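Take a look at the structure shown here. We will walk through two of its features, one after the other.

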Amino acid sequence: MRQQALRHGGTGVSLAEEEELVAATTVEGALVIWNLQDDTSSVLLQLNKRISCCCFGHRAALILMGDWGRAARLIDTATGQERAEMVGHDGKVTGCKLRMEAHTALTSSEDFSLKIWDIRRGIYKSFTASDEALDCCFIPNSTKILGACKDGKLIIWDTRKEDKQLMSIGAHEGWATCCDVTEDGWHALTGGSDKLAKVWDLRGGKNLQVLTGHKVKCCLSWGFADGIPQESVNCCRFLDDFAVTGSGNRFWESKDNTVIQWDIHSGKHVKFYRGAADAVMSIACSREKQIIIAACMDKSVRLWNSTKNEKKKREKSQQSSLESRSVCPLGCGLQVEKLNVDQHLEECPERLLLCEICSSDVRAKDLEMHKNTACKERTYVCDLCHEVVKMIDQRHHQLEVCIQREVLCPRAACVMQAWLWAFNTRKGDLDASAKHLQQSRGAVQFVRLGVNGEGSAIASAATLQPPVGAVQVGVREEVQILGD
């Protein structure tokens, strides 16, 4: 835990994540800036009235704060100068939010109203609440606003329409002290003087979870003294799939000064953050850096690391990553980013490629092996006759077709080369075969060497005198080598 001391009790806190700046306000009117990078702090502005809340604008250039003097002020973070003063409430400003992209601000007040301000023109539109409005929120992705009221109600208005409530929810028994909304605008989180925090579905007003865990330590049975609650949930924020709440007595010495982190799906608390000696009045959370910052009445601003939430965020990120991926449709088994599917299909090892030899489709990962071993049309050069031969005909060529192959002499057990190219080409020199038989010993009637209908070589012999010549006979290209 890290902390920064304040001169007086802290009432509000806001965080600028990218700039790592924390703004805190105090009961004595100070606006303090805490730089998390070098752990230094400075007083940016000092008023003579209590500041109740603050909120950073875009890129921490501006800070909106509300005070007990019934005004909201827009402060330049760099200079501390007041850029705008929004006066219109008849009571203390209790909550404020800033939406710089629309140049609008939202404030809640004890005068039973919420006001939405056009910052550039300095005008506002009022929305009447059922009781003192203690906190307010913009509902993201919409034109709606949300207010938490002293009579325990949670109220929704549409800023485009007249001052008419769209929905009113009886959220708490006693005060509804604080509220927050998820980034998608579907769910709300509230805290109350009944020491409970609750999660709501804003689409239908249904209560989804009741978060029970803050201790009840007060002198009266109902926790009130002259209508003022002794202990309450003072602040609440969503942090991804978690809720973070802070509690304590905002008026007298507090007993339950804890910050609790809850799993909003199960409703169970997952971590307690202790250390504050007085009531926790305001909370800011960082989804990016996974930290929780609280402004406390013990004159401090405290920072805790949300280790449990960091683990949950990694799991959520992994799940989100899986949902953004799809399995390769070609069957390689890889999970590919949906945006990169087309690129993967061009590189997938299971994609079909055309073999330029046999014109058949082959998987990319098998193409090289196919060309070397399996392609029926692949060829090689015969070592004997130097002819180009298909691999599928290799054995047949070596045994039956090659004109340089060795064959057994029909007259004796000697070996000779049969010049069968003469028969394959239907012309050639027969002298080599005839000369060999003339010089051989033994009686031979004739030798037929030729090519049959399928291109197979033929050789036959009978017992006659040694041959002296050869002639071509018939369509089978048979050669008879006759004796004297």
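What follows covers a sheet and then a cavity. Keep in mind that this is a predicted model.

Start with the sheet. Strands of a sheet pair through backbone hydrogen bonds, and the pairing is either parallel or antiparallel. Here four strands form an open sheet. Their order is E6-E7-E8-E9, and the pairing is antiparallel. Which strands lie at the edges? They are strand E6, residues 51–56, and strand E9, residues 82–87. Each of these edge strands pairs on one side only. The sheet is also twisted: from one strand to the next, the twist averages 20°.

Strand E7 covers residues 62–67. Five bridges join E6 to E7, and the two run antiparallel. Find Ile-51, then look across to E7: Asp-67 stands opposite.

Next, turn to empty space. Rolling a probe the size of a water molecule over the atoms shows where such space is left. How many cavities of 30 Å³ or more does a search of the whole structure find? It finds one. The volume of the largest cavity is about 30 Å³.

Which residues line the largest cavity? They are Gln-4, Leu-6, Val-22, Ala-24, Val-32, Trp-34, Ser-41 and Val-301. Two elements each give two or more residues to this lining: strand E3 (21–26) and strand E4 (30–35).

Conventions:
Residues are numbered from 1 along each chain as its sequence is written. This is a predicted model: local features need pLDDT of at least 70, side-chain atom pairs count only at pLDDT 80 or more; totals for chains, interfaces and linings use all residues. Side-chain values use heavy atoms; hydrogens and water are left out. Two strands pair if DSSP finds at least two bridges between them. Axes are lines fitted to C-alpha atoms, for helices over the stretch in contact, and angles run from 0 to 180 degrees between N-to-C directions. On a 1 Å grid over the protein atoms alone, a cavity is a set of points where a 1.4 Å probe fits but cannot get out, and a pocket is an open set with protein on both sides within 12 Å along at least five of seven lines; lining residues have an atom within 4 Å of a point. Grid points are joined across faces, edges and corners, and a volume is the space filled by probe spheres set on the points.
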